[in-house]
Amino acid sequence: MTKYLLKRLLHGLFSVVAVVALVMMLIYSLMDRNLIFANDPQYTKLNNNIKKIYQYQQWKSYGYIEYDNYDDFISRLHSAGEISDSDYETAKKLGRDATKDSATTKKYVQMFTDYYDDLGWDVTRLNAISYGGNRIASGGDPKLVASRDIPLLKRLWDYFTGLVKIDDINYASEISGERGLTFTLHDPLYNGSFSPAIIGNGTEHKYLLYLDSQFPYIHQNIIQIKLGTSYSVKKGVDVFDNITTRQGSYVMKEVTFPTGLTEMSADDLHTAKYIKGSQNATSINSARFVDDYTNVDTYKSSMSRIGFSFVIGIISVIIAYLIGIPVGVIMARKKDKLIDKIGTVYVIFIIAVPSLAYIFLFKAIGGKLGLPTTFITERLTTTMYILPIISLSLPSIASLMRWLRRYMIDQMNSDYVKFARSGGLTENEIFTKHILKNAAIPIIHGIPGSILGSLTGAIITERVYVVPGAGNLLTTAINSYDNGVIVGITLFYAMLSIISIILGDILMATVDPRISYTTKSR
Amino acid sequence: MSKEKIAELGMTNEELFSFVDHDNLESEKITAPRYSYWQSVFRVFFKKKINIVILTLLFIIIVFAYIYPMIYHYDPFANLNRPELKHLNPSKAISVMGLSIHSILGTGAAGQSTFDAIWNGSRISISLAFVCAAINMTIGVLIGAVWGFSKKVDIFMTEVYNILGNVPYVLFISVMVMLFSASFWTMVFALTITGWLGIAYFIRTQVVIIRDREYNLASKCLGTSTIKIAIKNILPFMTSVIVTLLASEIPSYISYEVFLSYIGMGLSDMSLGKLIYSAESSMVTPGWEFEFWSPVAISSIITVVLYVVGQNLGDASDPRTHM
């Protein structure tokens, strides 16, 4: 069994990699990359060479290409000390075209060209654009750039190797004191009361392992999951953080900062991250912090995106099973009676009518009954959850009813049912003890899927009721060409679906001893 | 029985038993009631009175969606310069425009008749659904049959299914829409490029179930070729499954089109989905609700009618119901 599951898991991982590769091909190669400029006001303002440079920079930010330009190249050499100050000043100036370069410039241009030619990049020289005699048009300064499309295999490799990030003590570039990890039983943030924590110096996160009063009470920052960095949806934030960080308004409380300063703040000092030279960058930071670990998250009042999606999703799944299964059983027992007909009409309604239509219908009905129809994160009440939960559970109830009824009716003519009946069992016993148990097996297979599926959120429901959940992230990302987010979300979905199928198989084999995945001699 | 008793019954000679000669030729023939599959399908289908009602509704829908726009040319911007015609509810529209077929559902944001807009949109949506269903079903059934029969193909296709099935459908569609334009045929392409996979998988499972039944095994032992088994033994068995599947496929494309329009990735034409999407703000504006609910209601009616017709046809095409 273990061997079989391991094989399935490996197979699943292969599928996940293939899915990600396919999605990368779709969005990076097939899609027109000029579309990202369609709604960009900055782009329309620029002209000539500057516009082209801006294009390259944006493409780099969106992850399409690798790109470098001569100016940055030279200044890097300069700061590395490989080029003298006086040479730097002359080398910086590109001629109007290649023939007008000074000798020094020529040397470094050659160096730049050779370097990137070796790497296989395209080196392009944008000559000066002038109007009239010698006057250079706006944005028409000469430029030298190198770029290449990131090859798919490199992209895949980079993505999967960067997926899990383990914090190490050589992360920070400049650090005071000795690099290393210290274990303390008394977290300095709790003024010496007992609270174990591992604190790092030189790592990205200051607190690597700590306890606090928030669920699940013990937290870690050692292993970080990086699904993909967003560019346009939420700039610079990783998809995983985007769906898991809390939202809403700040929760202020009295915080004692490392310097001893005590003030009202929403900062969660346990999340402190390293930013080079940040302690002395602002007066606020220098008043609060004693080192460069100043980048802190804040306490927010409401759940994360995935939290909202999961709460709504899981409640509706539970409700669906609580209603769908008994009704399905009754429909099968009273086949062709009134209750079966009513149930069938409901199933037809849900299957045939566009989901948008009945969600709006229930929103309108709920609104007439006085239930809140929109989600307000700042002023959450329990009643706000009711309508989204109802509209999510409606289709699941219908599909449970439909399939359970089908499976039970199929079982009703089996020999074991006839045998049980001739043995004198009551209809109730036959239905609950024999038919239901056999008919429920395919239903049980779907349970892990529906539970894990509630993590992904629902697109229409969340849009209609303005729920700040995770369901809309994919469509938002597609509409704003946020490639990092698209890849990250796809990976997340694919992982969930593969895990749920495997879990479903395990669960099915657990409840039904007849099912075995290993070939054993009979 | 005596002759008097027979006379009491008052029967003619034709009704009474009489001797017949033994016919060697006739005794070689096997007689059974004449059975025509499709005739029985329609006999069973029309036996249910509800089906006649539903078919009439379907006929009305087809007339309004396809023939009505031919007779009356619909121009959404014809009333653009008449502000008095904008956002009217049915009763106001009837009082302003007079009672006509154009005014019974009120008017929309550009003063256009909601009734005409809906049928124009329905034509696009229904066409999309039929074209997509035709393509997906054809490809899906053919590939699914091969998939079910060949073990080699099965390994390969299951892998393809696992991979393509996990790429979000929305992503495929949006990439297609961005690659080309949001035209009708782009949408067909986007909905069919991976849409056949699910159908093929379903058919594959059905084929696997039937493939190894005893009668097919017997056929195989008698030397019937695989293609003949597929066409003569399995396809007839699958007809009702295919029709039932088709019944849920066609409405699902209409629903999907509505969904895509709602998330902003739909057609550029004023399809049903686009109508619902563009009238969404009207739903919360007092007095304008009709603009939103009319296309929602009509699209629901269309999908329900198509679904029920298909399901009942699927039931009727199952030979077990013909007895």
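# Close-up views of a predicted two-chain complex

**View 1. Chain B and the confidence of its elements.** Helices and strands here are DSSP runs, H or I over at least four residues for helices and E over at least two for strands, numbered from the N terminus. The chain B average is 83, and 99% of its residues score at least 70. For the complex, the predictor gives an ipTM of 0.77 and a pTM of 0.83. This is a predicted model, in which local features need pLDDT of at least 70 and side-chain atom pairs count only at pLDDT 80 or more, while totals for chains, interfaces and linings use all residues. Residues are numbered from 1 along each chain as its sequence is written, and chains are lettered from A and ligands numbered from 1 in the order in which they are written.

**View 2. The overall build of chain B.** Chain B holds 15 helices and zero strands. Its radius of gyration is 28 Å, well over the 20 Å that the globule rule gives for 323 residues, so chain B is more spread out than a compact globule. (The radius is taken over C-alpha atoms, and the rule is 2.2 Å times the number of residues to the power 0.38.) Along the principal axes, the C-alpha trace of chain B spans about 95 × 65 × 30 Å. Buried residues make up 36% of the 323 in chain B; a residue is buried if 20 or more other C-beta atoms lie within 10 Å of its own, exposed if 12 or fewer, and partly exposed in between, with C-beta atoms placed from the backbone.

**View 3. Where chain B meets chain A.** The contact takes 29 residues from chain B and 31 residues from chain A, where two residues are in contact if their C-beta atoms, placed from the backbone, lie within 7 Å. On the chain B side, helix 7 (151–164), helix 8 (169–179), helix 12 (226–262) and helix 15 (289–316) each supply at least two residues. What kinds of residues make up the side of chain B that touches chain A? They divide into 20 nonpolar, nine polar and no charged. (Ala, Val, Leu, Ile, Met, Phe, Trp, Tyr, Cys and Pro count as nonpolar, Asp, Glu, Lys and Arg as charged, and the others, Gly among them, as polar.)

**View 4. The overall build of chain A.** Chain A has 19 helices and 15 strands. The radius of gyration of chain A is 31 Å, well over the 24 Å that the globule rule gives for 522 residues, so chain A is more spread out than a compact globule. Its C-alpha atoms fill a box of roughly 105 × 65 × 60 Å along the principal axes. Of the 522 residues of chain A, 31% count as buried.

View 5. Three strands of chain A form an open antiparallel sheet in the order 1-3-2. (Two strands pair if DSSP finds at least two bridges between them.) Strand 1 (65–69) and strand 2 (122–126) are the edge strands, each pairing on one side only. The twist averages 25° from one strand to the next. Strand 2 and strand 3 (residues 143–149) of chain A pair over five antiparallel bridges, and A:Leu126 stands opposite A:Lys143 in strand 3. Helix 3 (residues 48–61) of chain A lies across strand 1, strand 2 and strand 3, at about 135° to strand 1. Helix 4 (residues 70–79) of chain A lies across strand 1 and strand 3, at about 65° to strand 1. Axes are lines fitted to C-alpha atoms, for helices over the stretch in contact, and angles run from 0 to 180 degrees between N-to-C directions.

**View 6. A four-stranded sheet in chain A.** Four strands of chain A form an open antiparallel sheet in the order 5-6-7-8. Strand 5 (180–184) and strand 8 (218–220) stand at the edges with a single partner strand each, so one side of each is left without a neighbour in the sheet. Strand 6 (residues 197–201) and strand 7 (residues 207–211) of chain A pair over three antiparallel bridges, and A:Ala197 stands opposite A:Tyr210 in strand 7.

Conventions:
pLDDT = per-residue confidence, 0-100.
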